[in-house]
Amino acid sequence: MAINKISLNKPMKLFVALITALLGGYVFQLLHIPIPWLLGPMIAVLIGSNVFKERYAWPTPIRNAGLIIVGYTIGLSMTATALHEMAIQLPSMLLMTLLLMLLCVLLAYVISKLSRINFKTALLGSIPGGLTQMVILAEETEGINLTIVTVLQVIRLMMIVISVPLLVFSPIMGNQHTAQTLIQSVTTTTASWGALSPKIFIFAVVSISCALLGHKIKFPTAFLLGPTFSTAIIQLLGLHGPALPTSLINAAQIMIGIQVGLMLKPAQLNNKVQIISLSIGSSLVLLLGSFGLSFIFMQLHAISKSTALLSLAPGGMDQMGIIAHEINANLSVVVGYQLFRTFFIFFAVPPLLRMLFKYSATKKIIRNSPS
């Protein structure tokens, strides 16, 4: 009887999670909140799963399917033009990225000193990778409080995706568009289902195969980067992938948002007000730091204020790309810098973090050892 109860109960939990996520996404869309189908399901499932405990479930394979879709869309951005722009401005990209990472390290140090959060958790919560990427990286790192990392990243993301559009469309940047125009551009369908075949089948098979292969050989965040690299390579070989319909991209965000919402466990936070306050404060400092770095960027290259800010803004590459397209900023520069920072975080940050944490642990052992 217990087995039958479990087999019947799990589909019901999945159904409850999906309905909650759809309602959350719909409400966020009505309120014109940015990326509603990621943040809406995330917040709705967070509330629902904490109020009605043990009534929600979401298998990791579904989340992985969403990551494959997102990875494919990122791979589409890696065109020959974007890669050429990255090669030309590689020194500047490295400089700006390192300065931004240094600011994140300082913020993490301050957060760890002002709270009881360990430095490793504070650092992963402060690094401005995509929300999904940093949560996955936190899952793969020992000694990390996943709830705190997710809270720090969610608050940062929400502040960035709301503040950057308002700043970009303000008179400071000299743009005449409105935030409402941006919201309409985000929710407009960019591709039709009929335009997908037959090329999408080639990209789907290769993306899924590379994701599974990468997972088998323990490649970092394989379900995201496997499709990204394979899509970019196929495009460089001359076969261009079709853009995905907005409904499919929204579905992928729902798949990811539900699991992130389930990861958030506010009950495990000892000092909720303090952590949220530090998250908001650090996000503001990070945004101001990016704004300051954009002026240095403008001195190095002849680009507009908007292009500089969107290139360095610590938000998701897809959201910054949408804004850049709407205001006619240099999309290749924006995508190039966002891509470089994303890959730098994926490939350079993990080994650097391991070295830093190992050094810190060794230093602690030496300090505590008897003389």
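Tutor: Start with Leu23, which is found in helix H1, residues 2-30; helices are DSSP runs of H or I, at least four residues, numbered from the N terminus. This is a predicted model, where local features need pLDDT of at least 70, side-chain atom pairs count only at pLDDT 80 or more, and totals for chains, interfaces and linings use all residues. Residues are numbered from 1 along each chain as its sequence is written, and side-chain values use heavy atoms, with hydrogens and water left out.

Student: Is Leu23 buried or exposed?

Tutor: Leu23 counts as exposed because its relative accessibility is 53%. The cut-offs are under 20% relative accessible area for buried, over 50% for exposed and partly exposed in between, with a 1.4 Å probe and protein chains only.

Student: And what about Leu18?

Tutor: Leu18 also lies in helix H1, and is partly exposed at 33%. Between Leu18 and Ala57 the C-alpha distance is 9.4 Å, with 39 residues separating them in sequence.

Student: Changing topic, at what angle do H3 and H12 cross?

Tutor: Roughly 135 degrees, with the axes of H3 (residues 60-77) and H12 (residues 246-263) coming within 8 Å. That makes H3 oblique to H12; angles under 35 degrees count as roughly parallel, over 145 as roughly antiparallel, 65 to 115 as roughly perpendicular and the rest as oblique. Axes are lines fitted to C-alpha atoms over the stretch in contact, and angles run from 0 to 180 degrees between N-to-C directions.

Student: Last one: how many residues of H14 are buried?

Tutor: Seven of the eight in H14 (residues 305-312), so that helix is largely enclosed by the rest of the structure. Among the buried ones are Ser306, Leu309 and Leu312.

Methods:
Helices (H or I, at least four residues) and strands (E, at least two) are DSSP runs, numbered from the N terminus.
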